[in-house]
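Here are my notes on this one, in the order I'd go through them with the structure open. Have a look at it first, then read on.

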Amino acid sequence: MSEERLRVSRREVLKGAAGAAAWLGVPAAARAEGEERAPSWPGIRRLGPGPTPLSFRLNGEAVTIEVTPRTTLLDALRGPLGLTGAKRACDRGACGACTVWIDGRTANACTVLALDVDGLAVTTVEGLSSGNALHPVQEAFVAQDALMCGFCTPGMVMSCAKLVERGAVDEESLREGLSGNLCRCGAYPHIFRACQEAQR
Ligand code: FES
Ligand code: FES
């Protein structure tokens with residue numbers, strides 16, 4: 001390719017980029033700054049594209065890590081934070097194996113971006129017990145033999161613990177409340193009994 005053609009190409013590329021920036025509503029000051037990759041507005045935190053600080057409470061402890069904006073909470077938990085209790089099965093919000101609590105509400109960690117829990121409180125199954133003392137739902141799972149392969153169990157326990165907390169352990173409430181947690185081994189009758197035992 002000739003030098004002249006290269007010059008023309010660069011000019012066209014620059015013109016195109018300026019047009020795109022204007023179309024995207026990038027402020028003129030930001031457009032004038034060659035290194036600027038995204039606009040900054042007061043009060044709006046720019047995220048990424050590289051590692052970005054993330055601070056939240058995890059099982060009662062303050063943690064700060066760096067994650068890229070596309071990192072899911074499940075990836076952050078199982079990766080840099082080293083907590084493998086929440087399981088990855090479908091990785092698309094369909095099975096509940098990755099259930100955690102975010103600010104006290106159940107959530108599928110595979111469908112939540114890690115940066116979205118900045119400043120929030122996350123509880124995983126590792127945070128449910130107190131030292132060696134199991135949570136009543138965990139004890140009831142053991143007593144009622146409420147698991148076979150155990151892959152669904154951490155997520156199931158997190159959802160069951162919320163239902164027990166709300167006293168929603170009649171069969172209809174359990175069917176509804178656990179509809180997002182799939183057990184391919186079919187241990188549901190034992191799981192339901194465990195929830196009802198934990199409530200007593
Ligand atoms: S792994 Fe998250 S819902 Fe299945
Ligand atoms: S115990 Fe195997 S998936 Fe539930």
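1. Let's start in the sheet. Keep in mind that this is a predicted model. Strand β1 (residues 52-58) runs parallel to strand β5 (residues 121-123), and 2 bridges hold the pairing. Within it, Leu-58 has Val-122 of β5 as its bridge partner.

2. Zooming out, that pair belongs to an open sheet of 5 strands, ordered β2-β1-β5-β3-β4, with mixed pairing. At the edges sit β2 (61-67) and β4, each of which pairs on one side only. From one strand to the next, the twist averages 40°.

3. Now the hairpin. Strands β3 (residues 99-102) and β4 (residues 105-108) run antiparallel and are joined by 4 bridges. Trp-101 sits opposite Thr-106 in β4. There are 2 residues between the strands, and Asp-103 has a positive phi near 50°.

4. Helix α7 (residues 188-199) passes a simple length check: its 12 residues should span 16 Å at 1.5 Å a residue, and the end C-alpha atoms are 17 Å apart, which agrees. Which of its residues are buried? They are Ile-191, Phe-192, Ala-194, Cys-195 and Ala-198. Viewed down the axis of α7, these fall within an arc of 155°, so they line one face of the helix.

5. On to charges: the whole structure has 4 salt bridges. In one of them, Asp-75 meets Arg-88, with the closest N and O atoms 2.7 Å apart. This pair ties together distant parts of the chain, 13 residues apart: Asp-75 is in helix α3 (residues 73-78), while Arg-88 is in the loop between α3 and β3. Arg-88 also forms a salt bridge with Asp-91, at 3.3 Å between the closest N and O atoms. As for accessibility, Asp-75 is partly exposed at 29%, as are Arg-88 at 32% and Asp-91 at 37%.

6. Another salt bridge, between Glu-171 and Arg-175, has an N to O distance of 2.9 Å. Both residues lie in helix α6, 4 residues apart, or about one turn of the helix. Glu-171 is partly exposed at 44% relative accessible area, whereas Arg-175 counts as exposed at 54%. Elsewhere, shared partners join Asp-75, Arg-88 and Asp-91 into one salt-bridge network.

Conventions: Residues numbered from 1 in each chain as written. Chains lettered and ligands numbered in written order. Predicted model: local features only at pLDDT ≥ 70, side-chain atom pairs only at ≥ 80, totals over all residues. Heavy atoms only, no water. Pairing = 2+ DSSP bridges. Axes fitted to C-alpha atoms, helices over the stretch in contact; angles between N-to-C directions. Expected span 1.5 Å × (residues − 1). Buried < 20%, exposed > 50% of the residue type's maximum accessible area, 1.4 Å probe, protein only. Arc of directions from axis to C-beta. Salt bridge = Lys/Arg side-chain N within 4 Å of Asp/Glu carboxyl O.
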